Each structure stands twice: as C-alpha cells, then as structure tokens.
Amino acid sequence: MNKDRYALIMAGGVGSRFWPVSRTEFPKQFIDFFGVGKTLIQSTYERFLKICSPENIFIVTNENYTALIKEQLPCLNDNQILAEPMMRNTAPCIAYGAMKISELNANAVIVVAPSDHTIGNQDAFVKAIEKSMEAATKHNCLITLGIKPNRPDTGYGYIQYIDEVLDGDNDVHKVKTFTEKPNLELAKSFLQSGDFLWNAGIFIWSANAINKALEKHLPDMHEIFTGGRSVYNTENEKAFIGNAYQLCTNISIDFGIMEKADNVYVLPSDFGWSDLGTWASIYEMAEKDYVGNAVIPSEQVMMYDSSNCMVNMPKDKLVILQGMHDYIVVEENNTLLICKRAEEQNVKNIVADVKAKFGGKFI
C-alpha cells in the first residue's frame, strides 16, 4: 500500500431530509438504511481500506459525534478523528484535514469524500481514485470526480468540462464551469449537451496543491490553520481548533476554491454512485416488489392495494397499509412521517416546524 495515500472522510452532517430516522443526535451516516449490517460510514471506511493504509484514514466530524465514530469504527485511534467544535461547511474541515495530514507527510496525496454515499461498483471506484491520485501527484492539480448523468436530475450540482486534458492522462479533463442545482429545463439541456457531469463532491489533490489553493483563494482561512502547525497531532490540537473554528468563514470548498482555481480537472466516472440525499434516492436503490413498493425491513409490513411506496418501519412493529400510492411512510422512536413522494422536498420545512413547535424534542 502506498504510504503517501490518505483519505479524509467528512462525517459531520445532520441529514435532516431523512427525518425522523436521521436526527441531530444520530444522523444518517451512522444508520444502516438497507439492512446490510453496515452503516454508511462503516461502508465508506471499508471502501477506502482498498486505497489507503488504515492509519492513513481520517474522519472529520462534529465533536458531538466523536463517541459514535469510536463505537462504529473502533479501529481508529483518537488522532484519526478530527472533531469540529461547530459547523462551518466544507472549506474549513478540508483546510484542517489537509494541514494536519501535511504535517504528518509533506508528500501526502489526499482523497476527500463524504461518509454517506453509496457505490455500486467498488472496483471501478477504486480505479478512478487511484488514477486521480496518480494524476494529482504528477501534475500538482485539483481533481474532482464527475458522474456521467443518466437523467436530468435537479438535485445535483453539475460540472462542465472541455476537451483539454492533462498530459498523459487523456481521461482527466479541464473543468469549465460549476453549476449549482439547476431547474429541470436547464438540467435537460445539460444532459443533451454531453459535456456535463454530476458533481459527486469527491476531491483528490496533493496536500501541497490544496494548501497553495487555500493560500491563494482563502488566505484568511489558510493563515488561521497555518498558525497551528506546531500543535497538529499533539495534545494541544483540540484547544487550537476550538479557537480556530470561531474565526472561520462558513463557506464550501466548491465556492471557496473549486470555482476559482485555474488548475481544476475532472475525471468522468461511472461506478454506480448515489449521494443518498433524499428518501427518493433510497427508494431508487432499494429492492421493490412487483408493484414498486420498497419496504425496509419487510418482515412485518403488509400492503394492500398500494404501489410505488417507500416504507421504512421498526422491525418489531406490525404495519398494515391499504390504498397508499406514491407515499413515503417512515417511523422512528414513535415519530411517524407520511407524505407524498412528490412532496418530499418539504421534509426540511416540516422538520423546522416541528423544532419550532416542540423545541427540538423530536429532532
């Protein structure tokens, strides 16, 4: 295993779109949605064991989830868990991780990935990451993975690329534009053009390249984290990070770096990717019966005259549904959500209303 390869897994999100199963104290990355015996973060960690040595895999998460990380990934030591004192988006957590790793190994090449994605073709994923790591090391550039779209999805960001490629890496293209979640008509035009990819939020770069990009495009943030070089990987790191995060801007790596840097490239990829952002994405991946119902788990759920439903219920509860078509039915901790699949985008608003009315009791 190449000792210079590192993984930084981002696991600090709340996952409110999966309420009531995903909650503030137990968010979606710690849940086994498909009943396979592994949570999303456990599956992600195992995926990166094919790319990096175990000691080179780091998890960045909210400090409130440190105990959950240790419980689900007991093989990690404390230094491999980067505890954020507050939510500040992806740029600060990546800056923190890159600086910490570069102090361990100045030659590090890092893959940054969310903890809550699913990958259908593991071998193709590993090949894409390894190819990107080799290219990032050779050319000292910033690389992201773009997923070849098969539908005009309005829930994803898009990456447009051009014919210009890296020398010796004909599959790695120069990025032209990034576009946030488009409307349907724009998404259709992206699909028809053939030069747009879904933005998977997976990044590959050398520690040197990302630190230079931070210095150029987010100089204040770079200065904040550079100030901790002497304390990274020591007992004083936690106290330093507690102060550093209070000074950081809340900004994404996409907006802060990727949309501004001139050395950004994309590798078009196809490895059965899903970001599991909504119940619709769970429904799409789950096994369905002959009338389109996806029931997880299915042992004690009985459905009559019902079709195209997404049902997620406790294993020990007998549930009988009749006359339900195109619904999401979910229960967790005595909290039940029933909504039309077409209205799923309102779940975040529902969560906000519940929090306002009940003071966070059910959130």
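This is a predicted model: local features need pLDDT of at least 70, side-chain atom pairs count only at pLDDT 80 or more; totals for chains, interfaces and linings use all residues.
Select helix α3 together with helix α7 (residues 219-226): their axes come within 10 Å and cross at roughly 40°. Here, axes are lines fitted to C-alpha atoms, for helices over the stretch in contact, and angles run from 0 to 180 degrees between N-to-C directions. Helices (H or I, at least four residues) and strands (E, at least two) are DSSP runs, numbered from the N terminus.

Residues are numbered from 1 along each chain as its sequence is written, and side-chain values use heavy atoms, leaving out hydrogens and water.

From α3 come Ala91, Pro92, Ala95, Tyr96 and Met99, and from α7 Met221, His222, Phe225 and Thr226; contact means heavy atoms within 4.5 Å. This set holds 7 nonpolar, 2 polar and no charged residues (Ala, Val, Leu, Ile, Met, Phe, Trp, Tyr, Cys and Pro count as nonpolar, Asp, Glu, Lys and Arg as charged, and the others, Gly among them, as polar).

Which residues of α3 meet α8? Look for Pro92, Cys93, Tyr96 and Lys100, which meet Glu237, Ile241 and Tyr245 in α8. This contact divides into 5 nonpolar, no polar and 2 charged residues.

Time for some rings. The model has 19 aromatic pairs, counting rings of Phe, Tyr and Trp (its six-membered ring) whose centres lie within 6.5 Å, with planes under 30 degrees apart called stacked, over 60 edge-to-face and the rest tilted. Select Phe30 and Tyr65: their ring centres are 5.8 Å apart and their planes at 65°, so the pair is edge-to-face. Phe30 lies in the loop between β1 (5-10) and α1 (40-48) and Tyr65 in the loop between β2 (57-62) and α2 (66-72), so the pair ties together parts that are 35 residues apart in sequence.

Stay in the loop between β1 and α1 to find Pro20.

Then jump to Asn308, in the loop between β13 (301-304) and β14 (310-312). Asn308 is not a glycine, yet has a positive phi of about 55°.

Finally, colour by annotation. An unreviewed UniProt entry gives "domain: Nucleotidyl transferase" for residues 7-288; that span is 36% helix and 24% strand. UniProt also lists "domain: MannoseP isomerase/GMP-like beta-helix" for residues 302-352, a stretch with 12% helix and 43% strand. Such annotations may be inferred rather than shown by experiment.
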